[in-house]
Amino acid sequence: MRKFSLRPRGLVAGSILVVVVVGLVELVASVAFYQAIDRQTLREDQARRIAEFLVVGDRVNRLGIEVNQVMTSHYLEATVMAGPPTRTDPQGDEAEAIADYVRQWEPSLSGRSLRLWSEDQADGGRDLVGTLELEDGRWLSFRSHHFPRPWPIALRAGATTLAFTLICVALGVFALRQLGAPLRRLTRAVQTVGEGPPSPVAVEGPADLAALGSAFNDMQRRITGLIEDQARAMEALSHDLRTPLSRLKLASDFVEPPEMRTLVSDNVDELGDMLKSLSAWLRAQHEASTAEEVDLPGLVRQVLARWPDGAVRYEGPKTLTLQAHRGPLEQALIRLVDNAVRFGGRATVRLVDDADGRRLEVLDEGPGLSAENLARIYEPFFRGDAARARDTGGFGLGIPTAERLLKRFGGRLAIVNRPEGGLRACIWPPLATAE
């Protein structure tokens with residue numbers, strides 16, 4: 001069963017989550033606070049109105065005036081009953097709290113029998129009903145229509161708080177994303193260290209992030225320098241080894257018998273080709289290039305002229321021009337076509353321009369590769385079992401060199417098995433905009 005984690009994926013995401021949680025806590029606390037204040041305010045206001053009504057009603061009754069005619073209004077009904085109330089329901093916490101406030105507002109009513117309760121109405125409202133024993137033994141009964149509840153006011157206040165909280169959260173998220181932009185750029189730069197020319201990140205943002213960016217640029221320069229120094233040292237070594245190999249080649253002419261002469265000469269040639277291939281792979285780590293206008297069909301035809309007629313054919317438009325790094329693209333195409341011809345006998349180079357972008361596809365008719373070998377095809381000196389079993393030559397550096405050249409200047413290489421057999425090598429050219 002797949003497990004889901006609530007852990008944030010990054011520092012900025014975690015900070016945004018904290019801001020959102022704090023905003024929600026603030027919203028809940030504010031609504032609860034408003035509700036408590038509104039409930040208290042409504043109780044006091046209702047108690048003050050009832051206290052005033054009861055005092056006035058008691059005085060009007062003593063003057064012999066009909067209370068219901070004088071005290072009844074559109075929101076309050078008042079009647080005088082001869083007997084005590086017959087309601088036996090409990091007052092409820094809200095009504096009891098209001099009754100206590102009434103006695104606090106009018107201490108003269110504290111000795112009277114006062115009862116309050118609420119009744120729900122069919123229209124969804126709620127009335128506050130109560131009775132008070134008068135001095136002549138009769139009972140003053142009253143009904144306050146649509147007794148206000150605290151929730152509507154709390155909801156309005158909560159809506160205001162929610163709007164304010166959302167604005168604050170949105171501003172906080174925007175600010176955090178702006179602060180996290182240097183981190184995201186730094187992350188992308190870290191992921192591509194060593195794959196192309198040094199690309200310093202902008203030293204910006206807060207002091208800590210600016211210091212981190214500066215430290216990364218220094219580290220990138222040191223790593224790039226080490227890689228280039230190592231590559232140049234190995235390249236110089238491979239170049240120096242050609243001198244003794246050349247002497248061995250000359251000496252092989254004097255080796256006897258002829259079979260041994262042929263064996264020595266062939267091995268010297270193989271070592272020379274290996275050093276040449278190794279030098280090209282090492283040079284791809286620090287090779288420089290400038291983008292220029294390239295006619296892809298023209299470049300392909302120029303590359304294919306290296307092979308005899310019928311070995312490689314071209315499919316695609318007659319002209320298609322773009323700004324790209326010509327040298328790395330040409331060297332990568334040469335190695336991929338050579339690999340296709342070497343292991344497939346024949347090859348097809350196709351120029352495609354569709355939703356996946358402009359790309360060159362090198363198709364061969366070889367046996368293809370297993371999934372395991374296909375996953376390792378970019379490893380230096382790796383050759384699949386079929387390549388080893390056949391006398392096809394090669395040292396497993398053609399495809400890694402092509403892949404490194406393309407990636408270094410912003411291009412891309414993807415090699416997959418074709419359903420009909422063989423391999424398809426897709427080349428996305430290193431464009432000027434990808435530098």
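The model is a predicted one.

**Strands around β8**
- One of the residues to look for here is V352, which has R359 as its bridge partner in β9.
- Two residues lie between β8 and β9, and the two strands form a hairpin.

**Helix α8 and its buried side**
- Helix α8 spans residues 296-304, and its buried residues are L296, P297, L299, V300, V303 and L304.
- These residues lie on the same side of α8 because they cover an arc of only 160° around the axis.
- The cover over the buried residues of α8 includes β6, β8 and β9 from the section above, along with β5 (292-295), β7 (321-324) and α9 (326-344).

**A buried arginine, R418**
- You will find R418 in the loop between β10 (412-417) and β11 (423-428).
- R418 counts as buried because its relative accessibility is 16%, under the 20% cut-off.
- Its side chain makes a polar contact with the side chain of E420, at 2.7 Å.
- Beyond its neighbours within four places in sequence, R418 is in contact with L363, D364, L423 and R424.

Key: Residues numbered from 1 in each chain as written. Predicted model: local features only at pLDDT ≥ 70, side-chain atom pairs only at ≥ 80, totals over all residues. Heavy atoms only, no water. Pairing = 2+ DSSP bridges. Helix = DSSP H or I, 4+ residues; strand = E, 2+ residues; numbered from the N terminus. Buried < 20%, exposed > 50% of the residue type's maximum accessible area, 1.4 Å probe, protein only. Polar contact = N/O pair within 3.5 Å; in protein donor to acceptor, adjacent residues only side chain to side chain. Contact = heavy atoms within 4.5 Å. Arc of directions from axis to C-beta.
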